[in-house]
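Here is a short walk through one protein model, written to be read with the structure open beside you.

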Amino acid sequence: MIIVEDILKEIFSQLPAIKDSNSVDFSPHFNWGSQNTLNLYLSQLKKSVKYPLIWLTETVDDSDIYAHKLEKPVKLILAKQSNHTTNTNPIIWETEFKNILNPLLKNVITSIEKSGVTSIKDGRYKSTRLANYSENEGADSKTIDNWNVIVFEATVIFREKADGTPNCIKTIKF
């Protein structure tokens, strides 16, 4: 049986640290769940250890037991807490997207493509870059932190061995 969250957790554990504009290393963190789970996760961690964050939103799995694969529309929110809530996009782009979020997206794509157990269907994905992002509904913010994010969306194919056991995840070189 293919368990997407377990596979992505193992794949993303190989992601290298990302250096910010001050040459400080930050290791990406992966987690998943609903909006309430996200806010609980954010509230329980110290500010310095929760970013950059790779958050998997909940979507439906489409499994094929005879082909030993699962296709899933994957939506990942690659997030960094905004250090520039009062700045305009050019400053945010130079400091947070260029140095942290864009390299993180590149590494996420590389890890999915080179894991040996996953691939991006037809090599196609969508990405959206949003500065000072928060999930809003009415006047209340759903997300408790203010973020700069890249939203990555693709159909990812997860494969297992013909006998239904998990494939070994390769060591990924970045």
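## Aromatic pairs

The model holds six aromatic pairs, where rings of Phe, Tyr and Trp (its six-membered ring) pair if their centres lie within 6.5 Å, and planes under 30 degrees apart count as stacked, over 60 as edge-to-face and the rest as tilted. Take Phe 12 and Phe 30: their ring centres are 5.3 Å apart and their planes stand at 65°, so this pair is edge-to-face. It ties together distant parts of the chain, as Phe 12 belongs to helix α1 and Phe 30, 18 residues away, to strand β3 (residues 29-32). Both Phe 12 and Phe 30 are buried; here buried means under 20% relative accessible area, exposed over 50% and partly exposed in between (1.4 Å probe, protein chains only). Ring pairs also bring in Trp 32, giving a cluster of Phe 12, Phe 30 and Trp 32.

Trp 93 and Phe 97 make a stacked aromatic pair, 4.3 Å from centre to centre with 25° between the planes. Both sit in helix α3, four residues apart, or about one turn of the helix. Trp 93 counts as partly exposed because its relative accessibility is 33%, whereas Phe 97, at 0%, counts as buried.

## About the model

This is a predicted model, so please keep its limits in mind: local features need pLDDT of at least 70, side-chain atom pairs count only at pLDDT 80 or more, and totals for chains, interfaces and linings use all residues. Residues are numbered from 1 along each chain as its sequence is written, and side-chain values use heavy atoms, with hydrogens and water left out.

## Overall layout

The protein has three helices and eleven strands, both taken as DSSP runs numbered from the N terminus (helices: H or I, at least four residues; strands: E, at least two). Starting at the N terminus, the order of elements is α-β-β-β-α-β-β-β-α-β-β-β-β-β. Of its 174 residues, 41% count as buried.

## A kinked helix

Back to helix α3, residues 89-114: its end C-alpha atoms are only 33 Å apart, while a straight helix of 26 residues would span 38 Å (the expected span is 1.5 Å times one less than the number of residues). A kink of about 60° is centred on Phe 97, the bend being the angle between axes fitted to the seven residues ending there and the seven starting there. After α3 comes Gly 116, with a positive phi near 85°.

Most residues other than glycine have a negative phi. Which residue in the loop between β5 (62-64) and β6 (69-81) is worth a look? That residue is His 68, whose phi is positive at about 55° although it is not a glycine. With a relative accessible area of 18%, His 68 is buried.

Asp 122, in the loop between β7 (118-120) and β8 (126-133), is not a glycine either and has a positive phi of about 60°. At 67% relative accessibility, Asp 122 counts as exposed.
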